[in-house]
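Dear colleague,

I am passing on the structure we spoke of, and my notes on it follow below. Please read them with the coordinates open beside you.

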Amino acid sequence: MTKAIIINGGNSIKSRLTGIQQYIETLLEEQGICLEAIQVHQLPAQHLITANYASEAIANEIVKVGEADIVFFLTPIFKGSYTGILKTFIDLLPQKGLENKIAVPVAIGGSIAHLLALEYSLKPVLSILGATTIANPIYIVDSQVTRTENGFTLDEAAVNRIEKVLENVIPRKEFHVQ
Ligand SMILES: Cc1cc2nc3c(=O)[nH]c(=O)nc-3n(C[C@H](O)[C@H](O)[C@H](O)COP(=O)(O)O)c2cc1C
């Protein structure tokens, strides 16, 4: 069975990025894909910023990344790049920690101005980590995600973008949006 993991490099669970994460999770679960998720900002901060390889809490999460076939990297755009929060976790992955894996970069930004941020900031790092395939990035802007009483809704363009990328990364026999 295909295994996926979502690494969320946002700074708050209340972010619209969570709405994007939840939509991706729904699609993956519909396909019967085994799913794990990591909220990096909820891991021990001191261990992250000191790159503490001996941290048991972080080591447990690194093992889960190692077991996954598809790794989603979710981030808000901060100062034209992916977050430092996400980088603290990436820095603790093994040198070729993405070998034989598909990496999927996903970002939310306040505007379209930084559409290419994942191309020049995150994709080269995923490549250095040996990702076998790096999917086309998913870039969504704040105005495409609305907070509701029960959570979040995504507009049609955001939904279409996510589904198009997932169609290419999930083995064909497993992907069929209802
Ligand atoms: C410190 C900081 C820096 C940001 N820098 C950018 C940026 O350079 N480009 C951009 O499009 N959005 C930028 N934003 C906006 C966020 O990417 C994005 O709108 C946000 O994370 C999602 O909003 P929410 O978490 O309030 O839902 C920045 C936000 C913060 C807090």
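Around the ligand there are 14 residues, of which Ser15, Arg16, Pro76, Gly109 and Gly110 come nearest, and the shell that these residues form divides into five nonpolar, six polar and three charged. Please bear in mind throughout that this is a predicted model.

As a general matter, nonpolar side chains in soluble globular proteins tend to be buried together.

I also looked at helix α5, which runs over residues 117–128 and, with its twelve residues, reaches 17 Å from its first C-alpha to its last, close to the 16 Å expected at 1.5 Å a residue. Its buried residues are Ala117, Leu118, Leu122, Lys123 and Leu126. Seen down the axis of α5, these fall within an arc of 120 degrees, so they line one face of the helix. They pack against β3 (70–76), β4 (102–109), β5 (133–134) and β6 (138–141), whereas the face of α5 turned away from the buried side carries the exposed residues Tyr120, Pro124, Ser127 and Ile128. After α5 comes Gly130, whose phi is positive, near 90 degrees.

Methods
Residues numbered from 1 in each chain as written. Predicted model: local features only at pLDDT ≥ 70, side-chain atom pairs only at ≥ 80, totals over all residues. Helix = DSSP H or I, 4+ residues; strand = E, 2+ residues; numbered from the N terminus. Expected span 1.5 Å × (residues − 1). Buried ≥ 20, exposed ≤ 12 C-beta atoms within 10 Å, placed from the backbone. Arc of directions from axis to C-beta. Contact = placed C-beta atoms within 7 Å. Near = placed C-beta within 6 Å. Nonpolar A, V, L, I, M, F, W, Y, C, P; charged D, E, K, R; others polar.
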